[in-house]
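Hi,

Here is the structure I promised to pass on to you.

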Amino acid sequence: MRYLPLCPAERAAMLETMGRRSIQELFEHIPEPLRLARPLNLPGPMSEPEIVEFFRRAARESSPDYVSFLGAGAYSHYRPVAVDSLLSRGEFFTAYTPYQAEIAQGTLQAMFEFQTLMAQLTGMDVANASLYDGSTAATEGILMALRILRGRRVLVASSVHPEYRQVLRTYLQHQGVDIQELPFNGAGQLELGKLESEVTRGPACLLAQSPNFFGVFEPMAEISACVHGARGLVVVAVAEPLSLALVRPPSGADIVCGEAQSFGVAVSYGGPFVGFLAAKEQYVRQMPGRIVGETRDTKGRRGFVLTLATREQHIRREKATSNICTNQSLCALAATIYLSLLGKRGLKALAQQNLAKAHYAARELAAVPGVSLAFSGRFFNEFTVRVPGRAEELLAALRKEEIIGGLPLKRFYTELSDHLLIAATETARRADMDRMVRIYRQVLSANSPSRRERGQAKPSSEAVAR
Amino acid sequence: MAKMLKPPSSARPHITRNEDLIFELSAPGKVGAELAPLDVPAASAAEELGAELVRGEIEGFPEVSELEVIRHFTRLSTWNYGVDTGLYPLGSCTMKYNPRVNEVVARLEGVATLHPYAPDELAQGCLRVLYETARCLAEITGMDAVSLQPAAGAQGELTGILMIRAHLADRGHPRKTILIPDSAHGTNPASVAISGYEVRNLKSNARGCLDLSELGRAMTEDVAGLMLTIPNTLGIFETDIRKIAELVHAKGGLLYMDGANMNALVGVAQPAAFGVDVMHLNLHKTFTTPHGGGGPGSGPVAVRKFLEPYLPSPLVAHGQDGRYFLDFDRAKSIGRVRSFCGNFGMAVRALAYILANGAEGLRQTTEDAVLNANYVRERLKDLFALPYDSPSLHECVFSDSRQAAKGVRTGDIAKRLIDYGFHPYTTSFPLIVPGAMMIEPTESASKAELDAFIEAMRSIVQEVEEDAELVLKAPHTTRVTRLDETAAARKPVLRWKP
């Protein structure tokens, strides 16, 4: 076996040192009926070329040549080659959590830089060293807000990513917390009137997303004023943190969290990604997850260590701020490298390109008879179109041309059965967007679909109860 | 070492060891990446978003060239110690070799680029990878069904306990308490707390195992289950596991196994045979996905048939037509614990590892891991106290009690090991061993490397006798000496500021 460095003679010599006759003796204390008497039924062994071929086949069967306009929490961005080149250094990717600080300064300094970058982008005072992903970051953000408020009430905008809301419900189901979902309006934004009447019932932790799941910016100043007026706390998950290069950080937020996959992390069928969480300084001791702090060594030199560990499970056990143990260090490193490469000007220019691409696509699509923009709220690189009765048909026609045309929202919202969520980042080529628009024109200028075709649409099985 | 001449004030020796923060390297006008030309009309942010929403410059955001980024992070990387650097005997962490081919296949176009909301028909390759990985893990554990959604071991624990709760609630009452031995990892009680259960700690017996009479007293009909790490954090197999399972089951409770130490068992024993109902695995331990300096991990959950309905949604399924699909039709599921399909890229790497080995290679791997741990134990047992002398599997736990008499503790010996070129073992864990020194060499250590480690440990013991200060002030050869953790926590500086 090529990964194993012991040879048979060494194994024999080591057994002899221990006075053992065979390796089996080392397992004899496991009661015999519990030991496996047969080989495992597994594929392999495979040589390296066979493994590469196995996964090449999987890759070929995963539509590598399709053009995709999917976003919805996982965005396609160009990743400069320097990112993977640096991530591939074994000193980074084969290292453990930096508990032994003297030989982990590389990871620790990079995490300190990541924390700084996230704080700068979100306009917050401090950030942690990352969480699993956006869904768990949003959940940990709410759990943190509940600890600060000693609260039992959570308000969630239904314009928050449906899977984030699902994860939140999973985590809160046995916490004795009341969760209320708030509707969205014609702008695709949280219905302020409903929020106002909810907060009159007492302080609550609010989870909103901006830009939200529909790509629309929420009116954060009004939302925050409303929640703070009732002594509540505002947690904002950012759907696409690239937007923060162009727009002001969410106004009035107490905790800003989200998914940083856009910053140099591959889409990779949904993971691994990297959640972030940033907050005002006064809340730092309620933060979940790992945090890196600056300190000095015995000779007065600057160095970095994991700090505020008394919040964490390995010390506090069942009283910890969270059960989270790992962060997503390598993905956070990818984000740090990516943001360093793009830099102040590059990131802004990139955000401007995203804005331009999405607004071009939205304008061109909305000009097709039978298509309208579903929401009037402002958007960044993602938007929702409404195509009454034709969503399935359009997606099928696009797929024939090797285009994945967006996400049908009826998967999550039964009332949005005519709606497609479309993302256009800098990777969307004009030629492909024009091709998509042509297909829309062709399909929609033909007769409306037959009853049979419309009836074929599968019922939504994942729609969130609202 | 020859003394260096004092350099002029502006020069710094060893520039690669004195790399500043990326923000301090920044200068206006530099950029490390350029964009392709925009092929659509430019959009005005003020017009499209409203002037009040548009942000000015982000103060302090870095501006550096590509070369500076490469040098910066390359220099940082050289301050790290990885499995690639040398022996990493960090107990309970299973720091084994991360095969390079895993990294290559996880980055293939298609594998690395498919969107999680791509229709199932266009995602057959990725779905097959998930399905096959789950099937292999089911075979390795002997369990009936596997979810790959949990993003890490701790999330796997939470998932498993939530499933126990959902099942017991279906049977009429979720009950109140989960039992956890005092040797368990801290994530166990923390995960239980989120599941709405109380934790009751169980004392270990003189053999380092669960005390059966203590379990007998604690196991009532208020107890939802027992959470047990097998082999435990002392590297000891719970030889009474069948009796333990019977005791728990007789009172209507369920048995959860923390599979963090599965590297001791793959191909040798299947947890299903122990009477385990639900367990998690750590792909970043046993299955070679890289630790990455603290993640990403992956914590798949494996269950027996009766718990399958409660697994997180969706589950990857294989239809009669031969197609793979995501099954969302799961009425009894505990819900989602993470977005999309979990850390897919970690499943890719784990499957590549399983394929490379096959059954025979995996068993040989387990045997080598256990052989290495026992060899270290044999050759160090005359130097260090061994608080529990039950047979070891993949790791052994000594205590610093003999050295502590000289004022040298486990943490000091660990720091001194760094000067010999090794990563330290795990210190101060498990909590039931005062001054614990937890050594897990894994199968990825050659005999020569192990012998060098053993000699280093012997040499340090001698230093403790002759010059304890040398050990107490270690490490001496690293870029920084011991760092003041107390100061870091007292007045936290958590970010750079201009």
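Let me begin with chain A. Of its contacts with a separation of 6 or more, 74% are between residues 24 or more positions apart. Please keep in mind as you read that this is a predicted model. Chain A has 466 residues, and 59% of them are buried. Along the principal axes, its C-alpha atoms fill a box of roughly 85 × 55 × 50 Å. The secondary structure of chain A amounts to 14 helices and 15 strands.

Seven strands of chain A make an open sheet with mixed pairing, and their order is β2-β8-β7-β6-β5-β3-β4. The edges are taken by β2 (126-127) and β4 (178-182) of chain A; each has a single partner strand, so one side of each has no neighbour in the sheet. Within this sheet, strand β3 (residues 153-157) of chain A runs parallel to strand β5 (residues 205-209) of chain A, and three bridges join the pair.

Now to the place where the chains meet. In chain A, 159 residues are in contact with 172 residues of chain B. Which helix gives the most to the side of chain A that touches chain B? That is helix α11 (residues 329-366) of chain A, with 21 residues. Sorted by class, the side of chain A that touches chain B consists of 77 nonpolar, 49 polar and 33 charged residues.

Last, a few notes on chain B. Its domain assignment lists domain 1 (101-355) and domain 2 (360-485). The C-alpha centres of these two domains of chain B are 30 Å apart. Where they touch, domain 1 of chain B supplies 18 residues and domain 2 of chain B supplies 20 residues. On the side of domain 1 of chain B that touches domain 2 of chain B, there are eight nonpolar, eight polar and two charged residues.

That is what I have for now. Happy viewing!

Best wishes

Terms used:
Residues numbered from 1 in each chain as written. Chains lettered and ligands numbered in written order. Predicted model: local features only at pLDDT ≥ 70, side-chain atom pairs only at ≥ 80, totals over all residues. Domains from an automatic or database assignment. Contact = placed C-beta atoms within 7 Å. Nonpolar A, V, L, I, M, F, W, Y, C, P; charged D, E, K, R; others polar. Helix = DSSP H or I, 4+ residues; strand = E, 2+ residues; numbered from the N terminus. Buried ≥ 20, exposed ≤ 12 C-beta atoms within 10 Å, placed from the backbone. Pairing = 2+ DSSP bridges.
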